[in-house]
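Here is a friendly walk through one protein model, in questions and answers. Keep the viewer open as you read.

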Amino acid sequence: MLGFGSLIRPYMARQLREVAAALRVTERDMEILDFVASKGTTNFAEIAKQMRLDEKPGTSATRVSTALSALYGKHGLIDMKVNPDDRRRPLVSLTTKGKRVVKETAGIREAVYERIRMAMNLTSDEVSMLQAIFERAGDNFRQFLAQKTE
(Lines give C-alpha, C1' and ligand atoms only; values in the text may rest on other atoms or scores of the structure.)
Protein backbone atom coordinates (compact mmCIF):
# COMPACT_ATOMS: atom_id res chain seq x y z
CA MET A 1 0.00 0.00 0.00
CA LEU A 2 2.78 2.45 0.83
CA GLY A 3 4.46 1.68 -2.48
CA PHE A 4 1.27 2.69 -4.30
CA GLY A 5 1.19 6.07 -2.55
CA SER A 6 4.81 6.71 -3.41
CA LEU A 7 3.93 6.21 -7.09
CA ILE A 8 0.80 8.36 -7.16
CA ARG A 9 1.90 11.26 -4.94
CA PRO A 10 4.76 12.52 -7.15
CA TYR A 11 2.62 12.20 -10.28
CA MET A 12 -0.22 14.19 -8.69
CA ALA A 13 2.18 16.79 -7.29
CA ARG A 14 3.81 17.28 -10.70
CA GLN A 15 0.45 17.67 -12.42
CA LEU A 16 -0.82 20.16 -9.83
CA ARG A 17 2.44 22.15 -9.90
CA GLU A 18 1.99 22.55 -13.65
CA VAL A 19 -1.58 23.77 -13.14
CA ALA A 20 -0.52 26.17 -10.39
CA ALA A 21 2.35 27.53 -12.50
CA ALA A 22 0.04 28.11 -15.46
CA LEU A 23 -2.32 30.07 -13.19
CA ARG A 24 0.63 31.87 -11.55
CA VAL A 25 -0.29 30.66 -8.07
CA THR A 26 1.37 28.20 -5.70
CA GLU A 27 0.05 24.83 -4.58
CA ARG A 28 -0.53 26.40 -1.14
CA ASP A 29 -2.56 29.14 -2.84
CA MET A 30 -4.67 26.48 -4.54
CA GLU A 31 -5.25 24.77 -1.19
CA ILE A 32 -6.37 28.06 0.35
CA LEU A 33 -8.64 28.87 -2.60
CA ASP A 34 -10.26 25.43 -2.43
CA PHE A 35 -10.93 25.85 1.29
CA VAL A 36 -12.35 29.36 0.91
CA ALA A 37 -14.57 28.08 -1.92
CA SER A 38 -15.88 25.28 0.29
CA LYS A 39 -16.73 27.73 3.09
CA GLY A 40 -18.06 30.65 1.04
CA THR A 41 -16.78 33.11 3.63
CA THR A 42 -14.15 32.34 6.23
CA ASN A 43 -11.38 33.98 8.24
CA PHE A 44 -7.65 33.57 8.75
CA ALA A 45 -8.08 31.42 11.88
CA GLU A 46 -10.25 28.90 10.02
CA ILE A 47 -7.81 28.79 7.12
CA ALA A 48 -4.90 28.25 9.53
CA LYS A 49 -6.80 25.47 11.29
CA GLN A 50 -7.69 23.80 7.97
CA MET A 51 -4.07 23.92 6.86
CA ARG A 52 -3.01 22.45 10.23
CA LEU A 53 -0.25 25.00 10.67
CA ASP A 54 1.00 23.28 13.79
CA GLU A 55 1.29 19.91 12.01
CA LYS A 56 2.72 20.71 8.57
CA PRO A 57 6.40 21.46 8.22
CA GLY A 58 7.04 24.49 6.07
CA THR A 59 3.58 25.96 6.65
CA SER A 60 3.60 28.86 9.04
CA ALA A 61 1.09 31.57 9.90
CA THR A 62 3.39 34.08 8.20
CA ARG A 63 3.43 32.08 4.96
CA VAL A 64 -0.35 31.78 4.95
CA SER A 65 -0.67 35.51 5.68
CA THR A 66 1.72 36.26 2.81
CA ALA A 67 -0.26 33.94 0.53
CA LEU A 68 -3.54 35.65 1.47
CA SER A 69 -2.00 39.06 0.79
CA ALA A 70 -0.85 37.91 -2.67
CA LEU A 71 -4.20 36.28 -3.45
CA TYR A 72 -5.89 39.54 -2.47
CA GLY A 73 -3.58 42.21 -3.88
CA LYS A 74 -1.43 40.70 -6.61
CA HIS A 75 -3.84 38.14 -8.04
CA GLY A 76 -7.26 39.56 -7.12
CA LEU A 77 -8.56 36.06 -6.32
CA ILE A 78 -9.91 36.74 -2.83
CA ASP A 79 -11.73 39.60 -1.20
CA MET A 80 -11.10 40.63 2.40
CA LYS A 81 -13.66 42.64 4.34
CA VAL A 82 -13.85 43.90 7.89
CA ASN A 83 -15.59 41.43 10.18
CA PRO A 84 -18.26 43.39 12.07
CA ASP A 85 -18.02 40.91 14.97
CA ASP A 86 -14.22 41.04 15.29
CA ARG A 87 -12.28 43.70 13.39
CA ARG A 88 -9.01 41.79 13.99
CA ARG A 89 -10.28 38.84 11.90
CA PRO A 90 -11.16 39.98 8.38
CA LEU A 91 -13.65 37.92 6.41
CA VAL A 92 -12.21 36.19 3.36
CA SER A 93 -14.22 35.17 0.28
CA LEU A 94 -13.50 34.48 -3.38
CA THR A 95 -13.80 37.10 -6.07
CA THR A 96 -15.40 36.21 -9.40
CA LYS A 97 -11.91 35.61 -10.76
CA GLY A 98 -11.11 33.39 -7.75
CA LYS A 99 -14.24 31.32 -8.35
CA ARG A 100 -13.23 30.86 -11.99
CA VAL A 101 -9.73 29.69 -10.99
CA VAL A 102 -11.19 27.20 -8.47
CA LYS A 103 -13.55 25.87 -11.13
CA GLU A 104 -10.70 25.52 -13.65
CA THR A 105 -8.42 23.73 -11.19
CA ALA A 106 -11.24 21.41 -10.10
CA GLY A 107 -11.79 20.38 -13.71
CA ILE A 108 -8.09 19.80 -14.27
CA ARG A 109 -7.79 17.88 -11.00
CA GLU A 110 -10.72 15.67 -12.00
CA ALA A 111 -9.02 14.95 -15.33
CA VAL A 112 -5.83 13.95 -13.49
CA TYR A 113 -7.81 11.71 -11.12
CA GLU A 114 -9.54 10.14 -14.11
CA ARG A 115 -6.20 9.42 -15.83
CA ILE A 116 -4.96 7.75 -12.64
CA ARG A 117 -8.19 5.75 -12.31
CA MET A 118 -7.92 4.63 -15.94
CA ALA A 119 -4.27 3.65 -15.48
CA MET A 120 -5.21 1.58 -12.42
CA ASN A 121 -8.07 -0.02 -14.36
CA LEU A 122 -10.56 0.44 -11.50
CA THR A 123 -14.31 0.90 -11.77
CA SER A 124 -16.00 3.95 -10.28
CA ASP A 125 -17.35 1.74 -7.48
CA GLU A 126 -13.85 0.47 -6.68
CA VAL A 127 -12.52 4.03 -6.60
CA SER A 128 -15.36 5.05 -4.24
CA MET A 129 -14.55 2.10 -2.00
CA LEU A 130 -10.86 3.04 -1.90
CA GLN A 131 -11.72 6.65 -1.11
CA ALA A 132 -13.91 5.57 1.80
CA ILE A 133 -11.18 3.27 3.13
CA PHE A 134 -8.49 5.95 2.91
CA GLU A 135 -10.74 8.59 4.50
CA ARG A 136 -11.53 6.26 7.39
CA ALA A 137 -7.86 5.30 7.77
CA GLY A 138 -6.88 8.98 7.73
CA ASP A 139 -9.49 9.86 10.37
CA ASN A 140 -8.36 6.98 12.57
CA PHE A 141 -4.70 7.95 12.22
CA ARG A 142 -5.47 11.60 13.08
CA GLN A 143 -7.22 10.38 16.24
CA PHE A 144 -4.22 8.20 17.04
CA LEU A 145 -1.86 11.17 16.65
CA ALA A 146 -4.10 13.36 18.81
CA GLN A 147 -3.97 10.75 21.61
CA LYS A 148 -0.16 10.62 21.39
CA THR A 149 0.12 14.38 22.01
CA GLU A 150 -2.05 14.32 25.13
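Q: Which residues make the nonpolar surface patch of about 360 Å²?
A: This is a predicted model, in which local features need pLDDT of at least 70, side-chain atom pairs count only at pLDDT 80 or more, and totals for chains, interfaces and linings use all residues. Residues are numbered from 1 along each chain as its sequence is written, and side-chain values use heavy atoms, with hydrogens and water left out. Patches are made of residues with over 30% relative accessible area and no salt bridge, where like charges are joined within 9 Å and nonpolar side chains (Val, Leu, Ile, Met, Phe, Trp, Tyr) within 5 Å. The patch of about 360 Å² is made by Met 129, Leu 130, Ile 133 and Phe 134.

Q: Is Met 129 buried or exposed?
A: Met 129 has its place in helix 6, residues 124-149. Buried means under 20% relative accessible area, exposed over 50% and partly exposed in between, with a 1.4 Å probe and protein chains only. Met 129 has a relative accessibility of 54%, so it counts as exposed.

Q: What pattern does the protein follow along the sequence?
A: Helices (H or I, at least four residues) and strands (E, at least two) are DSSP runs, numbered from the N terminus. The protein has six helices and three strands. Read along the sequence, they give α-α-β-α-α-β-β-α-α.

Q: Where in the protein is confidence highest?
A: The score here is pLDDT, the predictor's confidence in each residue, from 0 to 100. Its mean over the protein is 82, and 89% of residues reach 70 or more. Confidence is lowest in helix 1 (residues 2-23), at a mean of 76, while the highest mean, 93, belongs to strand 3, residues 91-94.

Q: How far apart are the end C-alpha atoms of helix 2?
A: The expected span of a helix is 1.5 Å times one less than its number of residues. Helix 2 (residues 27-39) has 13 residues, so it should span 18 Å; this agrees with the separation of its end C-alpha atoms, 19 Å.

Q: Which residue with a positive phi follows helix 2?
A: Within helix 2, the buried residues are Asp 29, Met 30, Ile 32, Leu 33, Phe 35 and Val 36. After the helix comes a residue with phi near 85°, and that residue is Gly 40.

Q: Which residues does Asp 29 touch, not counting residues up to four places away in sequence?
A: Asp 29 is found in helix 2 and counts as buried because its relative accessibility is 5%. Contact means heavy atoms within 4.5 Å. With those sequence neighbours left out, Asp 29 touches Ala 67 and Leu 71.

Q: What distance separates the C-alpha atoms of Val 102 and Leu 33?
A: Val 102 is found in helix 5, residues 96-120, and is buried because its relative accessible area is 13%. Leaving aside neighbours within four places in sequence, Val 102 is in contact with Leu 33, Asp 34, Ala 37 and Leu 94. Val 102 and Leu 33 are 69 residues apart along the chain, yet their C-alpha atoms are separated by 6.6 Å.

Q: What is the phi of Asn 121?
A: Asn 121 is found in the loop between helix 5 and helix 6. Asn 121 is exposed, with a relative accessible area of 67%. Its phi is positive in a residue other than glycine, with a value near 60°.

Q: How many salt bridges does a search of the whole structure find?
A: A salt bridge is a side-chain nitrogen of Lys or Arg within 4 Å of a carboxyl oxygen of Asp or Glu. One of them joins Lys 81 and Asp 79 (3.5 Å, N to O), and another joins Asp 86 and Arg 88, with the closest N and O atoms 3.2 Å apart. Asp 86 is buried, at 18% relative accessible area, whereas Arg 88 is exposed, at 74%. The search of the whole structure finds six.

Q: Which residue forms a salt bridge with Arg 142?
A: The two partners both lie in helix 6, three residues apart, about one turn of the helix. Arg 142 is partly exposed, with a relative accessible area of 44%. In the salt bridge, at 2.9 Å from N to O, the partner of Arg 142 is Asp 139.

Notes: Accessible areas come from the Shrake-Rupley method with a 1.4 Å probe; for residues, only the protein chains shown count as cover.
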